[in-house]
Each structure stands twice: as C-alpha cells, then as structure tokens.
Amino acid sequence: MRLRVESSRDSGNWRLAIVAGLIASAIVLHIFKIPYPLATFLKFDLCGVPLAIAAFIALTETTVLGLPVFYLGVFALGGATDPIGPAMKVIAELFTYLPLVTIYRRRPSIASSKGVTLLVAITILARASIMCLVNLAITPYWLQIMGWVRAWEEAWFFTLSILPHIALFNAIAATYIVLLTVPLIRIIRSMGVTVVGKKDTGS
C-alpha cells in the first residue's frame, strides 16, 4: 500500500515532519546507553538508526538542519558542560549514515545478504578511520584543556593507547547501525516514502 499525497510541496513538508520526529527520537535514544566494556567512557546507543533513516529520506536537510539540533540536544542532556563529546558523536553518526545512505540510494539491490556485508565493511571503514583521525587531532588538546593531564606528551600517548578501542568501538557501532537500519529503510521504501527531491510515484 502506497501513501498518496496531494502535491509535491505537501509531500516534502510531510517528509520533513517525519525527519524532525526522527531527529527528536535520536536525541531521546541517546539517553539509553551501554558502556563499551574495555573503555567505559565509550558508550553504545541506538540514536544512529533514526538519524540514518532521516538521512535516507532527506539527506541535505538532516545534515544541515537536523545534526545541529541533535548536537544541541545531546549537549543539553550532558549538562551543557562538554561541547567536544557531542561534537564527536555528531561526526561519528555523520560518517556512518553518509556512506550507508549514498550507496543505498544509488544501488538499492545492495540490501541483499552479500551486499549488506559490503555495505557494513564500507561504513566501518568510513566511521572508524574518521574517528581515529579526529581523536588524534583533538583528544590530546582536550585532555589538557580539561586538566585531566598536565603534559602534552602524556595526553598524546594516552590517546594512542586508546586508539585501538576507539577503532573497535566505532566498528561495532557502525555494524549494528547498518544491520538495524537497512531493513527499516526497505520497509519505508515499500510504503512509498520517497527521497526529498525525487518525484513521487504511487497509485
């Protein structure tokens, strides 16, 4: 059964309303977290799933408008004391849904069992590599700013010591986000929800 809309403008507004609801859901889901056992300051959550679905429906709007709202929500939930943690979260989710959505839009057939394996691998590579680079660039300085370490060398070596955990953590997160999101996107497509900017079809 496909959902009929009266005009492309109404359809776009309807989709953007769904995206807004998904962004709000992502903020709420960020409350429920499970620590990564080997480095408990890293925490798993499910907020990447609604963010990826929102990006599938409206990639530009989710990235330009939705992610700043998500950042502010996560920042507020953390007591508005740590601006770096939420920023890291936004970058991680951005580089999870960008390869996922871009590839899925171009090749929906990748949702097959073999294709999903490739999609998971590409998403892991994107998220884990970016987060390792971002942590190398930011974490040593942030540790010093917060007063958790005194010397830059100590901060640098600490960052290097946690880098394998950061890579593994982000690989696990990318995997379950893809595996949970792809079936939901297939359901959304079967309902006739189209991508913002594409002409609606339906009967």
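What I am showing is a predicted model, in which local features need pLDDT of at least 70 and side-chain atom pairs count only at pLDDT 80 or more, while totals for chains, interfaces and linings use all residues. Residues are numbered from 1 along each chain as its sequence is written, and side-chain values use heavy atoms, with hydrogens and water left out.

To return to the pair, the axes of α4 (residues 84–106) and α5 (residues 113–145) come within 9 Å and cross at roughly 160 degrees, the axes being lines fitted to C-alpha atoms over the stretch in contact, with angles from 0 to 180 degrees between N-to-C directions. Residues of α4 including Ile 84, Met 88, Ile 91 and Phe 95 meet residues of α5, among them Ile 122, Ala 126, Ile 130 and Trp 142, contact meaning heavy atoms within 4.5 Å. By class, this contact has 16 nonpolar, 4 polar and 2 charged residues.

Turning to α3 (residues 59–77), this helix bends by about 40 degrees at Gly 66, and Pro 68 follows within four residues; the bend is the angle between axes fitted to the seven residues ending there and the seven starting there. Gly 66 is also among the buried residues of α3, as are Leu 67 and Phe 70, with buried meaning under 20% relative accessible area for a 1.4 Å probe, protein chains only. Just after α3, Gly 79 takes a positive phi of about 90 degrees.

How values were computed. Helices (H or I, at least four residues) and strands (E, at least two) are DSSP runs, numbered from the N terminus. Ala, Val, Leu, Ile, Met, Phe, Trp, Tyr, Cys and Pro count as nonpolar, Asp, Glu, Lys and Arg as charged, and the others, Gly among them, as polar. Buried means under 20% relative accessible area, exposed over 50%, partly exposed in between (1.4 Å probe, protein chains only).
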